[in-house]
Amino acid sequence: MSADIYPKVSLLEERLKFWRNEIVRCLDKPTFLSQLAANDVFNEDEKSRLHEIYQNRTTTEAGEAVLDSFGRSSAPNKWMSFINALEQEELVYVKSLLVEDNVGSEEDRLRGRKLIRLFGPELEKTINPIDIISSLVSKKAITEVNRDEVLNLCQSKSRLYGIMCLLRRMQSQLRPREWYYAFLCALRDNDYTSECELLEPDFLECPHMFDPEKNCETSTDGIKEQQNACGASEKRSQCEQSLEGTDKAKERSSSSTDCTEALGLKGQDSVHEDDAVLQSDEDELDSDSEYKNDFQNPKLNLRDYQYELAERAIQGENTIICAETGTGKTWVAMHIVSEHLSKATKGTRKVVVMARTGILIRQQFDRFKKVFPKYNTKFISGGEDESAMLHVFVKDADILCFTPQILVNNLENGNIPSLAVFSLLIFDECHHTKGSGSYGELARRYLTEKFDKVAGLPQIVGLTASIGVGNSKNEEDAVEYITKVCAALDVKRLSTVERCRTSIEKHVNTPKEDTIKMTVRSDDICKKMLIENMIKTEEILDDICFSVCEPDIIDVLDKRPRERGTFAYYGWTIQIDKTAKRFVHDPESLREITTCATYLNVYSSALEVNTLLQIRDVMKYLANETKAEAERRSKFTDQEKELFENFKELQKDLTKKSKVDDADNPNVEVICDQLTKTFQEKGPDSRAMVFVKARATCIALADNLNNRLDYKAHSLYGKMQVRSMKGMSQEVQTEVLLRFNEGRFKIIVCTSVAIEGIDVPDCNIVINYNFSGNEITKIQMRGRSRTHDASSLTLGSEKLVEKDKVNVYKANLMYKAMNTFKNMDAHKLENKLDFYQREEVRKQINKTDLLGSMKNRQSTKDMEVLCVKCKKYICHTSKMRTLPNNQHFVITEGFRDQIDRKPHPKPAQYAGIVKKEKMSCKNCGQEWGMIAEKIGLDLFVLKLENLLFREEYSGDTNSFQKWDLAPKITECTVDEITNLLAYQTSMK
């Protein structure tokens with residue numbers, strides 16, 4: 001290899017090591033092996049071995065194996081052969097990572113991939129790969145081999161498999177900006193303009209801004225600058241300021257890491273994709289320009305009231321910092337951390353920053369990392385293997401950021417022996433400490449260690465805008481509530497603003513608040529029809545339950561709430577389902593009772609959707625929620641057929657009624673009118689947050705607003721799956737907020753996930769659409785609107801408006817109680833705190849004993865495993881095994897004859913296995929779990945919630961929520977799978 005053409009071998013080796021994850025991702029085809037084997041880098045045996053890995057394992061494992069084998073190869077000129085092979089395979093991007101000094105910014109590399117991941121579900125629904133594949137081949141975004149693979153998938157499987165493959169393959173060949181531009185052009189040129197606008201709203205008007213050839217020196221920041229130039233020349237000075245800021249950022253990042261400098265990649269971020277940060281161009285902490293400048297050029301120039309808030313913590317006291325949303329509590333925490341770390345000797349400084357949600361802790365990590373570059377700040381995500389190995393990172397990290405459950409888990413598994421490992425714990429949104437959540441678990445652990453006289457326990461600092469008063473009705477009860485919260489965190493004094501009250505009032509905005517009562521429809525057709533169907537279903541349920549003559553199920557049946565559609569009714573349907581699974585022994589009766597409960601549950605939730613939205617939204621919700629029932633209709637019993645026919649008739653009637661003019665919900669009109677009016681008053685650069693209770697309402701309302709308004713809207717909700725509705729991943733949540741802050745989305749419709757902690761500095765419109773909370777959410781929601789012209793509107797039922805008045809009363813009660821607490825006699829307070837702390841420790845001891853006894857009672861009997869719906873026999877527990885990552889699978893050869901299979905809607909890899917198919921009961925159609933692939937073998941993985949366990953002799957049946965409480969399943973290693981599933985090899 002000529003040194004004049006390519007870098008030295010030592011530099012190539014360093015770059016291969018540095019960019020290994022990126023390179024492995026792109027080596028997704030075995031044809032690359034043939035190129036290397038042709039130049040004797042690999043012999044034929046090694047080539048065959050690697051080919052086999054490509055065929056039987058994941059492409060990631062295969063890519064890793066190729067690089068490992070290449071590293072061991074002693075072939076002369078192997079690097080020349082490697083580079084030539086990249087050229088032959090047209091892997092332009094991989095070659096650039098190895099031989100070029102400038103490979104673009106991290107934002108450029110990751111932007112296209114993140115947007116496609118964010119909007120992947122929408123793209124997969126609408127794009128036919130056959131339409132765009134020729135355009136991508138002509139632009140060399142994919143090879144002809146890729147094209148053939150995609151077309152074969154379309155023909156042999158489905159269009160969905162084809163587009164999923166295409167979206168993966170096109171990210172491997174060209175440089176990121178090149179393939180992304182080619183993809184946008186292919187969408188535009190083939191009439192996929194709405195998909196194009198979804199990804200990049202400005203592309204159709206200004207495509208040259210995204211052309212890497214015309215903007216080769218411009219990063220994504222440069223694209224934003226050009227967007228300003230395209231829109232209005234008067235913004236030129238802002239663009240120049242942005243460019244100046246970018247230059248300063250480049251200067252700061254030029255000395256980022258030794259590794260980056262060694263590779264000759266000055267100015268590049270060494271963070272991999274999984275740790276990539278989605279940052280706004282502006283500070284998300286405070287809306288004032290003074291603070292935006294501070295964040296871009298991090299200096300902790302605190303305001304006087306912020307120094308006052310930090311005083312007790314700086315002196316080493318445990319304290320709770322209580323201050324309104326928007327006062328910069330995160331900056332106060334940073335100041336405390338800075339002082340704490342600067343005074344500690346190296347090795348003893350271990351700061352933990354915790355927040356309850358993934359999106360919020362990621363936001364905090366981004367800030368701490370940027371403000372404290374000299375300290376080692378580590379982010380640990382709950383969805384990664386790292387979360388179970390916290391002890392590995394404690395030694396080298398100065399600041400650790402994670403959700404509290406991660407610390408709870410590591411204390412329970414013994415990886416972290418004591419909280420004394422750390423020197424400072426910061427609890428963001430610490431009002432959640434009271435109760436059984438993870439904050440409460442940590443607080444009780446701390447108090448237990450305190451009374452055990454464990455030395456070196458960490459300092460505790462809590463942050464909250466509203467400490468809350470719980471169910472208190474008067475000031476005395478409210479003081480007791482606050483005292484208990486402080487006792488849990490071992491806090492004797494609150495940190496609030498007293499001396500600098502005049503100063504804080506200048507910076508805290510109180511939005512203008514209005515209330516509009518929802519219109520109650522005199523003739524609510526949809527509600528009547530839903531209730532009629534619920535009554536029919538209840539009558540069928542009554543007949544089945546009375547014929548079973550089981551006292552426990554009759555007892556629950558008699559407790560049916562009078563008002564349908566309430567939270568109490570929803571809970572009753574769940575209780576019916578649980579009780580039947582435990583006490584009803586007749587398989588057919590059980591099946592029909594649980595089916596009735598499912599329909600009643602769905603109808604109840606549909607009433608909530610109807611209250612806030614249109615009939616067509618109710619229809620869509622019902623269809624989505626009963627999809628699983630519809631898919632198993634070929635296996636229905638006569639009773640299930642009747643229930644399904646009733647449902648179909650309801651859908652038909654709703655379809656007819658939805659076309660009637662007076663069927664529209666007037667409250668949707670009010671929301672649209674209010675948003676339109678407010679945007680006109682405040683200007684097109686405004687941002688609005690609309691809060692709703694249910695996820696179904698959230699998604700449907702966002703779609704409604706998109707169709708009816710000139711401003712783009714998007715939904716934002718939690719990550720947990722709710723019935724058929726998938727959760728929103730942390731990455732997608734972060735991207736939605738980023739686009740909201742950038743102005744791509746002007747409106748976000750949110751559930752409670754966005755109430756606490758999340759910073760949206762430009763939000764100046766908040767609408768509460770029949771969202772019922774407490775005094776804490778009242779204060780938090782008010783704080784979502786930060787700007788000086790902000791407004792807040794509540795559109796709710798008469799019941800909610802009355803409850804809102806109670807929340808205002810409780811918020812005022814909280815402030816009075818806080819003052820009383822601060823003025824309490826020190827000796828009296830000391831006694832109260834000690835009493836409540838000992839009470840908490842007793843609870844912890846009792847809970848530990850109870851959990852221990854439950855685990856000790858975990859049955860070791862060989863029990864029958866049954867279908868949760870029809871009690872069909874699946875296997876015995878002795879014919880199951882569990883892997884270390886908690887996958888429980890069946891090992892009997894005859895099991896495959898008991899199931900129906902269908903392709904997994906989202907085939908993917910996780911925890912070392914590949915999800916391939918869904919499996920369901922051949923008798924009733926109930927889903928049982930999934931079929932996954934591991935080392936070339938099928939794992940029939942069962943889902944606990946779909947199973948019942950029956951003792952063979954007594955006939956007692958139980959269901960379990962956690963595997964560690966269910967009957968014990970024998971553990972096995974990955975190496976043992978081959979022997980356990982040897983029958984599959986012989987069949988092949």
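**Ground rules**

Residues are numbered from 1 along each chain as its sequence is written, and side-chain values use heavy atoms, with hydrogens and water left out. Because the model is predicted, local features need pLDDT of at least 70 and side-chain atom pairs count only at pLDDT 80 or more, while totals for chains, interfaces and linings use all residues. My helices (H or I, at least four residues) and strands (E, at least two) are DSSP runs, numbered from the N terminus.

**The sheet**

I started with the strand order. I found seven strands in an open sheet, β3-β4-β2-β5-β6-β1-β7, with parallel pairing; two strands pair if DSSP finds at least two bridges between them. The edges are β3 (377–379) and β7, each of which pairs on one side only. I noted a twist that averages 20 degrees from one strand to the next. For axes I use lines fitted to C-alpha atoms, for helices over the stretch in contact, and angles run from 0 to 180 degrees between N-to-C directions.

I then followed the pairing. β1 runs parallel to β7 (residues 493–495) over three bridges, and T319 has R493 as its bridge partner there. With β6 (residues 459–464), β1 pairs in the parallel sense over four bridges; I320 stands opposite G462. Elsewhere in the sheet, β2 and β5 (residues 424–428) are parallel and joined by four bridges, with V353 partnered by I426 of β5.

**Helices α23 and α24**

Next I looked at α23 (residues 404–412) against α24 (residues 438–451). Their axes are 8 Å apart and they pack at about 45 degrees. That makes α23 oblique to α24, because angles under 35 degrees count as roughly parallel, over 145 as roughly antiparallel, 65 to 115 as roughly perpendicular and the rest as oblique. The crossing is left-handed: the near helix is turned anticlockwise from the far one by less than a right angle, whereas clockwise would be right-handed.

I listed the contact (heavy atoms within 4.5 Å). From α23 come P404, Q405, L407, V408 and L411, and from α24 come S438, Y439, E441, L442 and R445. By class I have six nonpolar, two polar and two charged residues; Ala, Val, Leu, Ile, Met, Phe, Trp, Tyr, Cys and Pro count as nonpolar, Asp, Glu, Lys and Arg as charged, and the others, Gly among them, as polar.

What covers the buried residues of α23? The cover includes β2 (351–354), β4 (399–402) and α24, and the buried residues are P404, I406, L407, V408, N410 and L411. Just after α23, I noted G414 with a positive phi of about 85 degrees. As for α24, it lies across β2, β5 and β6, at about 150 degrees to β5.

**Helices α10 and α13**

Last entry: α10 (residues 129–138) and α13 (residues 176–189) pack at about 135 degrees, axes 9 Å apart, which makes α10 oblique to α13. Their crossing is right-handed.

Methods:
Buried < 20%, exposed > 50% of the residue type's maximum accessible area, 1.4 Å probe, protein only.
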